[in-house]
Each structure stands twice: as structure tokens, then as C-alpha cells.
Amino acid sequence: MKRTRLVAATAASTITLAMALTACASDDTEAPADSEETTSESGEVEPGDLTLWVAGGDTPDELREYLVDTFEAENEGSTLTIEEQDWGDLVTKLTTSLPDAENTPDVVELGNTQAPTFTNAGAFREISPELYEELGGDNLLQSFVEAGSVDGTVYALPYYFGSRYMFYRADIWSDAGIEVPTTLAEFGDAVTELRTDDMSGFALGGQDWRNGISWVFANGGELAVKEGEEWVSTLSDENTIAGLEQWQDVYEGASNVPATERDVAYWDFLNDKAEGGAPDAATIMAPGWARWSIGDLTENDEGEEVRDGMADDSKFDIFALPGVDGGVAPVFAGGSNMAVSAQSQHPELSENLLRIIYSDEYQTMLAENGLGPANTEFNSIMETDKFGEITVETAENSKLTPAAPGWAAVEGASVYEELFQKIAEGGDVTELAAEYDETITPMLNGQAG
Amino acid sequence: MSAVAADTVAPTATTPQRTPLRRRRVRPGKVLLSVLGLALAAVWVFPVYWMMNSAVTPDAILGGDTPQFLPLSFTLTNLQSVLTDSGFLNALGMSLMVTGLTITLVLAFAFLAALAISRWRFRGRTSFILAVLFIQMLPAEGLFIAQYQMMSSLGLLNQVIGISALYVAMLVPFTVWMLRGFVAGVPIELEEAAMVDGLSRPRAFLRITFPLLAPGLIASGVYAFLQAWNEFTTALVILPAESAQTLPIWLRSFLSASANRGINWAEVMAASTLIAVPVIIFFLFVQGRMTSGLVSGAVKG
Amino acid sequence: MTQAIGTTAGSDGIAIRRRRRPATPYVLLIPAVAALLIGLGYPVYWQIVTSLQEFGLMQQFGAPPTFVGLDNYARIFTDAEVWSVVAKSIAFCLVNALLTVGIGLGLAVLMRAVSGWVRITMQITLLLAWATPLVAAVTVFRWLFDYRTGVVNWIFVQSGFESFDGYNWLGNVWTFFMVASFIVIWMSVPFVALSIYAGLTQVSEEVLEAARIDGAGSRQILWRIIMPLVRPVIAIVLLLQIIWDLRVFAQIRLLQDAGAPIAETNLLGNYIYELGVGSQDFAGAAAVSLFVLVLTMVLSGPYVRYLMKEDAA
């Protein structure tokens, strides 16, 4: 997965762009910043240079090329530049660039957990009800739509979802005589039994709360709820505590990964080591695309050494995290939203780009590439193999983090990382929950400090 | 290697009394000291060596349980795959331009200011020196929003000029402070003597004083170069476009992209090596003069 | 003729310049002052104003900020976390600055004591360390101390300390700061060592020889003759290290990226960054920044006064 760098805008063209913008501004000084697109007399949308920010490397090259080609073909004279932003710096860049009319990206992808904060701050342009219907309406993944809405007005749409499920070493599990578990408690026992000094039964970093909150959700707990107008952190809720304690047991019993690890590339843990011996883990939890980093080594068409994508299913297999009473546990739905900057100088072109993103063709491409499509009608495309089936199955049971205005601040300050690390280190869950409720509640409501 | 050695000897040879002295007093303790010196040198160079060694070793071998301390499985594939990453050359060009413009302006501005405060006593001089010192104490991490707004309203985002202006402001204080010592170290009498011989003041300055200051300018320039080359937090905010990335930003995104797939340490080390190489080349170029620069600057503090 | 030129030179000379108030020095300062004003003027002004307002993400996106006076300052002064970060930063800064200057001094004295090629080897290695860009250096150290594949753990295990197998250096606050200190010291010792060494080479051999003839031992020579002579260099280098080490930011942030307890390992720079850009409390971040500035000025005050006195002398 080589990163595309569509370096269309060199320093020179940036200058041209700046000059074009200045020219624009002097031409229609009357036009307020959020006015409708400056349209030429024939009613056509004036061409412009559109910028789309994608976050991280999750959107494959093929899809990016499709967007550029299609957009530029359908909007003659306009160009589309796709810039990839690092997840770690995304909030910083959104904070500085979105309010800036001259340099704002026109369309941005952002994490579904970041969407409420920026939506509440007024960073995005409203998606009109007509456009919303045109782009898929109620077929769009509703939990993500809610994350991007304020008081019934939609600002940010779902882009894709990924849900997490378990990847495991079938050979190691069956050698140990352990069956795929059917309840969450059985899962904990199984991975604890599998753990050795050199191999985690279940590889899990202590700070990795995005995987960890599945235990909270599975036990019927919530991180925060809205009471009236205010958001309240509910870590001390008995269901939440039960989930956190169960997670603590699993971490302590089954994982060799340090309590300070987060965002670990777990997939590597399942592969055979170069020098032989047991892999680092018998089980991991990861988004579906992790598959392509797991498997035996093989050579691709270009002669590069790559993983075979778990071709040998007697060795590598998957299952959904089971619920407390069987079934499928609600897991954290990873994924992202897509929105038009309120300051965009090309709102109509931006909407044209959205039309391409939410077109049948593009939704199909998302699904074929293992990214959960925004439009749920296309889920069936994914369900052609066990990976797609399990993605849809877990996604149907997945949950999002609270859509509180201060959520990005909580994430930005790494509060949950800290909490989960302390729990992983064996802290008293009830005490920690009370302590962090006090920290988190004011942050959720966007109050500083 | 031998060229470097010759350069390094040059400044030390300026204290000629030392050689005969050393011959007279050969003490057994000296051998111990040499061993200690070499051991410390080895400790200091190890991270650099490890970086370069890993850069030319296949990743599969680096991932093994036993580290390989010698480049026995030498390969250039890591370096090649970094160089073919379209971002690298672009970022290299950007870094060279930003650093070049920054050190030129910093040296020019700081030199004039250093001249003012070391040759003249004037009202406001102490305040200026104090301001220069205190400005360095301001935490830069709170300034990003304002810096962004300013550069954006001037239309200088993603531009070499914009980021360089911020770097110049960041580096002028220390450079003034450092150059002050060098300027004070050149006796004004030399310049005056040249004027007695019929040169005008500007010419006397250019012919006599300026050459004596060159090592000092180089030593200060090296400092400014390193700071500008390494800076990454301001660059992150002021150069948001991918096409305007400088090398540190590029390396960081290279690192985090790699982290997504389980870090390919070999490629990351190859990328780090490639970023370090221009600096090392620059250092080897100016190294002899820089050491003598530090010598003359040091006396006056 | 000679007389005439002499007069011209004299009227331009230092003695006269002090008495009159010539325009030249002010003209010479213009570019530097202008550069500072352009680069820092508006940002510093913004910071002062923002620290007196309620300024969060809403305000960043155009909501008018409200003036709240000194509320933000009151808020940070009563926040125990701020004080803990301040204490940690000062401790980190002093330990690192003193160690850096101490090691640098030791290396400089050693370089003077050893013979040619050993000294050259030492100088080259110091230059290589100095030349390594920060992001590259942190990356290398991250890997050296990596808990799974790092060389440091491997060496410990090979030397019989089995407990270091998989030891996570960045996971504990103390070992985290230890690794951070290694990086900071490793990167800053070259500048210090080479500067002090340069100063040492200026101590004339005749002076030392005379001292030896008078029966001074090498320890006495070091403390009574060499040290006083290089004291000004050490003083400046130490001040600069203190200023720089109090502002450590990138090293910590890049190390935190590797997985570390975050809040506990934050130093002032990181705390400000996280408060501002991370939690969108821009007003609080501005207030902490200005507080740090004042704090540094107060802490370094006596030292600066001493330096200014030396300067005037």
C-alpha cells in the first residue's frame, strides 16, 4: 500500500492559486464568504481547483485516481487535488486550516469520533435535505450521520466504516484443543490459557481503548450519555465498570504487550517469525483490512515479498468477538466522516465531488476494497466471503463513541489512553472510574480545563 | 577520511608549543586516557553507526532476535525504495531552500546587530541584549494559531518565504548572542591601522575585519543551519500542503505510515540516514573553519 | 597627512562614540529588530490578548471571544497539573543542562589530554552526533530502546539480565525521561564539548608551564588556572542549555508517539501544545505560555545579571 502523493500543486501552482483567489476576491467583493457558488451567466458552475483531504492511507490509490479522473471529467476546467493528512496531526491541521477561507481544503475526511466537535464548532457547510436525499438519504449509515449532525441538520456524512473482529492462529488454537468461544467470558478464558511467556494469547496494548471499549459496550455500559443539555461521563455506571473489569482480567491474563502501547500494528504479531518459533500472539483484534498484512510470505506479480492474505485457513482464521450471552459483541465502529468546509470557495464543486463519492460506482469500489460503504445498500457486495460477512455482521452490532461537542478534546488530551493504561496496570477500576468521570464530564461539554 | 583528519589538525596546530611538550612528558596515564577517549567516541557514534548499518540491512534480518552489528547482508534496496518515494526529493528541495534562505538572512541580520552592540555603547543597548535573551525563553508551542493566521493573511502559507521569516525571527536572537563574541574578538585597532594605510572605513572593514570574522560566521551559520533543518512543529502548521513538506515532516509521516503496517525499521533508518547525509556533508565542508571559529568565539564568550 | 587621518580615525573611535549618540548602531539594528517584529510581533500580541479571553474552538471558527480578564491565569495557577508539569520541566532541564555541561567539560578536558589521532576520532564522532537531525536521532533511539527488537534489551539479556527481555523503557515515567535525557544529552554535548575545548586551546602553554615549575599539581592546574580561564565559556553554554532544555518539545512528543504514559511524561512545551491544539483550550495554552516566559525570566534573572555584569566589564 504505497502512499499516493498527488503532487499536483507545486509551489508554482500554489502561487497561481493564490493569485486566482485574490483576483476572485477583488472581482466580487460584494459576495459574502458563505454565498452560493459564483456562477457564470449560463448558470454553469465556474471551474476551480478543489482540494480534498483524506486521512491516513486507508483510501487506496485506485479509489483516489478514480475520484480525480471522474471529477475532472465531469467538471470541465476544474481540478481535484487529494492530499493525505497524517491521523496524528489531523486535528491540528483542521483547527488551523478550516476557519481560513483562503487556504481551507474544500472537502475533508475526518475520524467519526472527531466529527461532532468540528460539526458543533460550525466548521462545516450544511448538507441540504435535498442533497442528503440525493446522496443516499436514510440508506446512509445512520450512527455516522448522527455524529455529523447538530439539532437535525446534517453537516458531515459517513465516508466508510470498518469494524473490528478477531484474527487468530487456527493451528495454535486447535493444537491447544481450544474451540472458538461463544461468549465473552469463554473468550477471556481461552486466550488466557493460550498465553505463554513468548506469545500473547490475545495481543492487546494497555492504552488501546478503542479495542477495549468493546468490553464496555458488550456489558451494556456507555462512556457518556446526554442528560438534558449536558453530557455526563458514565464510567462509574455499574455496567461500564463490569466491562472495564472484565477487560482488565483479559489484559492481565492474556497479553504480553506493554500497558503503554496503543495503535499497535498487531497484524504482524500473528505472522510466523523469520527465525521460526511461536508468533508473538495467538489472537488479535483488528479492522478488516489487516488481513492483507497477515499470512504466509509469497511473491506478488512484481516479485515483491508480501503476505498472502490468510490464504491458508487451517492456519489463520477469524471470528467475531462474542457477546456476554453469546451472539456478537457490540464493538467500536471505526471509520470516518466526510464534510464540506464552511469556508470553501467552491461549495457547488464540492457538492459535485460528494455526488461522485456517494455514487453507486464509488460505493461499490469502497465495498470491494474492504471498506464498509457509507451507503448500507452496498453492504451485500462485501458479503461475498467470510471477511465481508463478518465485517457487516460486526458493523451491524457496532457502536460509536459519544457525539459530544468536546469529544475531540478528550481524544486530543489522550484521556482514555491514560485511563485504560492505569486499568491495565492493575488499578482499582471503581476508583479510577470516579476520578476520570470528574475529568471527562467538563471536557465533553466543551468547557476548558 | 584523511581529508577530514587534516582539517581537524589545522586548528590545533595553532598552538605550536604543544608538540614538544607532549614529547617530553609521555605518561602511562595517557594510554588510559586515550582508551577512555576512544571508548567515549564509540559510545557517541554508536547511534549514528546503528542508523547507517540498519539502512543497508534487509528488514527481515533486522526483525530477527539477534541484532547484526556488521553490514554483512549489505543491500541498497531500502535506500532505493526511500528515494523512489516521490515525497523525498521534493522535501529535500524544500528543506534546502528554506534552510538556505534562513541562514543567509539570519547571518546578515544578526551580524549587523552584533556589530552594533559590540562596537557601540548606546541607549537601549542593554534592553536589546536582554530582549534577545528573553525572546528565546518564549515557548513556541502556544504560537501556532497566530503564526498560521499571520502567514495565511499574507498569503505565505506553504511558501519558502513564510516559514523562513518565522525561522529567522526564531534564530536571530541566539545568533546575535553568538556573533557578538566574535565581533568583539576582532580588535578595532587592526581596522584603524589599515585606515592609516589609506583605506576607507568600509574597505578596511571588508578587507581586514570581515575575513577575521568568517570562522565566527560559519560557526554561527552551522547552528542556524541545524535548527532550520531540524525544525518540525512550526513547519507542520505553516506548510500544510504535502507538496511543501520539509524533510522532518516527510520523515515523520513516513514513520507513521510505516507504523501502520508494522514499522519497517530498515526503510525508516534508510530515510533517517538520507536526511542526515546532507548535514554531514555540510559539516565536513565547514568543519575545519568551524572549529577555529569556535576557538576565537570562545575566548570572548 | 598622518595627523589628519589620525584625527578622523580618532573622531570615529570608540571613546568618542560613547559620548555622542550616533545613528549608526540603531541603523545596524533595524534588520534584526524588524525580523523579530515580523516573525514574533503579531503572535506574541495574539498570545497576550488570547490569554485574557475565553478562546476555544468556537472562537477559532469565528464566534466572537469574550474578555474574561485574568480568569485563565486564575485557572492555571489553581491547577495542580500545571505545577506538576512545571516542577518536572525544571527538574528535567536542570539535570540535563548540568549533565550536558559536565560531560561536555569532561570530554573537552580529555580531548586536550590525549594525542592527535584519538582527539580527531573524538571530534569526528561528536560532529556526527551533532549533525544527526533531531527526528532521525529520536527515531534511532526509539528503535535502540524498542521493547521487542531493540539492541539495548538484547545487550542486557546477553549479559545475563534476563529480566530485560521485552522490557518497555518508554512505559515507565522514570525510564521514559531517562531515554529522553539520553537523546537530549547525546545531541547537545557535542556543541558544549567543542566550545569548551575551543576555549581550552586558548589557555597558553607558557602559563601552564610556569605553574608546573612553581610546583602546581595537575589537579591544582585544572582548578586554579584552567577553570577560571574557561569559566565565561562554561557560564554561557550553561545558560543556553538551561534555556533550551526547558523548551524541550519535539524529543518528548516523538518519543510519546512510540507509546508512553502521556500526561505524566508531558513537559511544559508538550503540555502547552496538548492544551492548545489537542484540547482546543487556546486561551489556557496562551496563559501557560506567558507564565512560562515570566517564570524563565525570574529563574534565570540572577544568572543573567551576572552575565550582564561580565559584559559591562
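Trainee: What distance separates the centres of domain 1 of chain A and domain 2 of chain A?

Mentor: The two centres, taken over C-alpha atoms, are 32 Å apart. This is a predicted model, in which local features need pLDDT of at least 70, side-chain atom pairs count only at pLDDT 80 or more, and totals for chains, interfaces and linings use all residues. Residues are numbered from 1 along each chain as its sequence is written, while chains are lettered from A and ligands numbered from 1 in the order in which they are written.

Trainee: Which residues make up domain 1 and domain 2 of chain A?

Mentor: Domain 1 comprises 11-162 + 334-389, and domain 2 comprises 164-332 + 413-444; such bounds come from an automatic or database domain assignment. Five residues of domain 1 and eight residues of domain 2 form the contact between them, two residues being in contact if their C-beta atoms, placed from the backbone, lie within 7 Å.

Trainee: How many residues of chain C are in contact with chain B?

Mentor: The contact joins 85 residues of chain C to 87 residues of chain B. Helix H3 (residues 24-51) of chain C contributes the most to that side of chain C, with 15 residues.

Trainee: Why are the buried residues of H7(B) said to line one face?

Mentor: In helix H7 (residues 125-135) of chain B, the buried residues are B:Ile129, B:Val132 and B:Leu133. Seen down the axis of H7(B), they fall within an arc of 95°, and therefore line one face of the helix; the arc is that of the directions from the helix axis to the C-beta atoms. A residue is buried if 20 or more other C-beta atoms lie within 10 Å of its own, exposed if 12 or fewer, and partly exposed in between, with C-beta atoms placed from the backbone. Buried residues make up 51% of the 301 residues in chain B.

Trainee: Where in chain B is confidence lowest?

Mentor: Confidence is expressed as pLDDT, the predictor's confidence in each residue, from 0 to 100. Helix H1 (residues 2-12) of chain B is lowest, at a mean of 35, and helix H6 (residues 86-119) of chain B is highest, at 92. Over residues 1-23 of chain B the pLDDT is below 50. Where pLDDT is low, the predicted coordinates should not be read in detail.

Methods. Helices (H or I, at least four residues) and strands (E, at least two) are DSSP runs, numbered from the N terminus.
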